[in-house]
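Morning, everyone. Please have the sequence and the model open while I talk.

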Amino acid sequence: MDKLILTTEIENADFYIASLVIGILEGMKSGDISLEVGVWSLARPIFWKKLKSSSISAELIELVSSLDEVDTIRSLGLNAIKKIEEHLLLCKRIQSESLAKNPSLAIASSLETVS
């Protein structure tokens, strides 16, 4: 199995993680990505727990780790889109703040074959 590995400086991480979350949330909002798939693509502990040991924004980690509330809101028959829009605003603010710090946004990729 091959793995694509994206690498960036830690100063760029908030920008890229916020961008990833924005893309998935927008897909959930439009219905192109189901709420369940969107939530568990990011809210899995294997993803966000690794972020806790870095200098990534605690606010961003909290948002990612609590995304399962979107699916819970939907399952209760409430408006999940409103919560998605709140998360989008937060991610866009984090993204803007990250850009204001002048990160290089340099990113590299590599392909690793895992046997």
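Predicted model: local features only at pLDDT ≥ 70, side-chain atom pairs only at ≥ 80, totals over all residues.

Let's begin with α1 and α6. Helix α1 covers residues 10–30. Helix α6 covers residues 80–100. How far apart are the axes of α1 and α6, and at what angle do they pack? The axes are 9 Å apart, and the angle is about 155°. Angles over 145 degrees count as roughly antiparallel, and α1 and α6 are therefore roughly antiparallel to each other. The crossing of α1 and α6 is left-handed.

Who makes the contact? On the α1 side, the residues include Glu11, Asp14, Phe15, Ala18, Val21, Ile22 and Leu25. On the α6 side, they include Ile81, Ile84, Leu88, Cys91, Ile94 and Leu99. By type, the contact of α1 with α6 has 12 nonpolar residues, four polar and six charged.

Next pair: α5 and α6. Helix α5 is residues 68–75. The axes of α5 and α6 come within 8 Å. They cross at roughly 160°, which means that α5 is roughly antiparallel to α6. Is this crossing left-handed or right-handed? The crossing of α5 and α6 is right-handed.

From α5, the contact uses Glu69, Val70, Ile73 and Arg74. From α6, it uses Ala80, Lys83, Ile84 and His87. Those residues split into four nonpolar, one polar and three charged. Note Ile84 and His87 of α6. They are in this contact with α5, and they are also in the contact with α1.

Let me stay with Ile73 for a moment. Ile73 sits in α5. Which residues does Ile73 touch, leaving aside those up to four places away in sequence? They are Leu78, Asn79, Ala80 and Lys83. Ile73 and Glu85 are 12 residues apart along the chain. Their C-alpha atoms are separated by 13 Å.

Helix α3 is residues 45–52, and helix α4 is residues 58–65. Their axes come within 10 Å and cross at roughly 165°. So α3 is roughly antiparallel to α4. The crossing of α3 and α4 is left-handed.

The contact takes Phe47, Trp48, Leu51 and Lys52 from α3. From α4 it takes Ile61, Val64 and Ser65. Five of the contact residues are nonpolar, one is polar and one is charged.

Now the largest pocket. How much space lies in it? About 740 Å³. It is lined by 20 residues. Closest to its centre are Leu4, Ile5, Leu6, Leu20 and Phe47.

Which elements each supply at least two residues of the lining? They are β1, residues 2–8, together with α1 and α3. Strand β1 gives the largest share, six residues. As for type, the lining has 12 nonpolar residues, five polar and three charged.

To recap. Helix α6 packs against α1 at about 155°, and α6 crosses α5 at roughly 160°. Helices α3 and α4 cross at roughly 165°. And β1, α1 and α3 each supply at least two residues to the lining of the largest pocket.

Key: Residues numbered from 1 in each chain as written. Heavy atoms only, no water. 1 Å grid on protein atoms, 1.4 Å probe; cavity = no way out; pocket = protein on both sides within 12 Å on 5 of 7 lines; lining within 4 Å. Points joined across faces, edges and corners; volume = space filled by probe spheres on them. Helix = DSSP H or I, 4+ residues; strand = E, 2+ residues; numbered from the N terminus. Nonpolar A, V, L, I, M, F, W, Y, C, P; charged D, E, K, R; others polar. Axes fitted to C-alpha atoms, helices over the stretch in contact; angles between N-to-C directions. Parallel < 35°, antiparallel > 145°, perpendicular 65-115°, else oblique. Left-handed = near helix turned anticlockwise from the far one by under 90°. Contact = heavy atoms within 4.5 Å.
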